[in-house]
Amino acid sequence: MDENIKHVLVTGGAGFIGSHLARRLLAEGRDVTVVDNLSNGLKSNLPEGVNFICADLTGEKAIDELENIPFDAVFHLAAQSSGALSFADPLLDMKSHVLPTFNIAQLCLRKQVSRFMYASSTTIYGEPQYLPADEKHPQNPKTYYSAGKVAGERYLNFFGSKGLAYTIFRLPNVYGPGQNLNNKDQGMISIYLSYLLEGSPIIVKGLSNRFRDFVYIDDVVDGWMLAFSDSIAIGKTYNLASGVKSTVANVLEELKAAYNKPDYPMEYVDGTPGDQLGMEVDISLINSELGYTPKID
């Protein structure tokens, strides 16, 4: 059903995931407008050919500016992106999640925009009651960040009842080219890699037996595009992950081996607030409904 959608607005499109999605949309021949306040994203991430608007979606001025942009769909990723940093300024974190989602969704209803795709997080499950966690798992956020994602989902559930054709993706730890290696508060694999590239000891926050679902960026983009092209995804929420459990210890060993320094020094320090001990994600729903299968292990 995405064939008639010619122009896509990507919020947070100067960020890691957003810029990859913008690049794929451009490659498919669509017009792309990116709106980003550059608090997390980098202008250098923007692919050639996008229409870029530097604006903060928490305010009415930015929404007014988008009123006359003829977009047919929204990929909404604009938000503060670190669970740890959400404790530094909880009010700012709340505003970064709730206000842009509310404002853009309202705008989409007024403009009768065809599709609304939203980036949520598997951190909303908190410490899992069972593994792998499926979409029906109870939500028990442990950070301001994950609480903001729950609020965003709830608003979209409400706007869906008003006619907004939304799809929600709960993402785990996404990694790949384009992550900001200068940001040591977001992206576990990129953080560890940045220490290696600097020649500094790897600072590991928390226990090495913690485990995560790490999913490669191209697989995430594939999942978004599969949902974008299929009406069955309207009104649905999907775990979009690799479905594979990896421990922090394993990730560190793989990185050091790839860097050819198996004895590279590491320093273990206290964990960050609200950090999950482990997460393993069930992807059977998105697999059965959309045929999503991750290509990178």
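Two strands count as paired if DSSP finds at least two bridges between them. Helices (H or I, at least four residues) and strands (E, at least two) are themselves DSSP runs, numbered from the N terminus. This is a predicted model, in which local features need pLDDT of at least 70 and side-chain atom pairs count only at pLDDT 80 or more, while totals for chains, interfaces and linings use all residues. Residues are numbered from 1 along each chain as its sequence is written, and side-chain values use heavy atoms, with hydrogens and water left out.

Begin with strand E8 (residues 202-205), which pairs with strand E13 (residues 266-269) in the parallel sense over 4 bridges. Across this pairing, Ile203 has Glu267 of E13 as its bridge partner. In a regular strand the side chains alternate between the two faces of the sheet.

Strand E1 (residues 7-11) pairs with E4 in the parallel sense over 4 bridges, and Val10 stands opposite Phe75. E4 also runs parallel to E5, joined to it by 4 bridges; in that pairing Ala73 has Arg115 as its bridge partner.

A nonpolar core is a set of buried Ala, Val, Leu, Ile, Met, Phe, Trp, Tyr and Cys residues joined through side-chain atoms within 4.5 Å. The largest such core has 59 residues, and those with the most contacts inside it are Val10, Ile17, Phe75, Leu171, Tyr192, Trp224 and Phe228. Helix H6 (residues 217-228) gives the most to this core, with 7 residues. Apart from it lies another core, of 24 residues, among them Leu9, Leu66, Val74 and Val113. Contact means heavy atoms within 4.5 Å. Not counting residues up to four places away in sequence, Trp224 touches Leu21, Phe75, His76, Leu77, Met117, Tyr118, Ala119, Phe169, Leu171 and Leu240.

Next comes a pocket. The second largest pocket holds about 310 Å³ of space, and its lining includes Tyr175, Phe214, Asn250, Glu254 and Asp297. Helix H7 (residues 248-258) gives the most to this lining, with 5 residues. A pocket is an open set of points on a 1 Å grid over the protein atoms alone, where a 1.4 Å probe fits, with protein on both sides within 12 Å along at least five of seven lines; lining residues have an atom within 4 Å of a point. The volume is the space filled by probe spheres set on the points, which are joined across faces, edges and corners.

Some backbone details remain. A cis peptide bond, with omega about -10°, joins Leu131 and Pro132; Pro132 lies in the loop between strand E5 (115-121) and helix H4 (144-161). Gln112, in the loop between helix H3 (90-111) and E5, has phi near 55°, a positive value in a residue other than glycine. Gln112 is exposed, with a relative accessible area of 72%. Asn260 lies in the loop between H7 and E13, and its phi, near 60°, is likewise positive in a residue other than glycine. Asn260 is exposed too, at a relative accessible area of 65%.

Methods. Buried means under 20% relative accessible area, exposed over 50%, partly exposed in between (1.4 Å probe, protein chains only).
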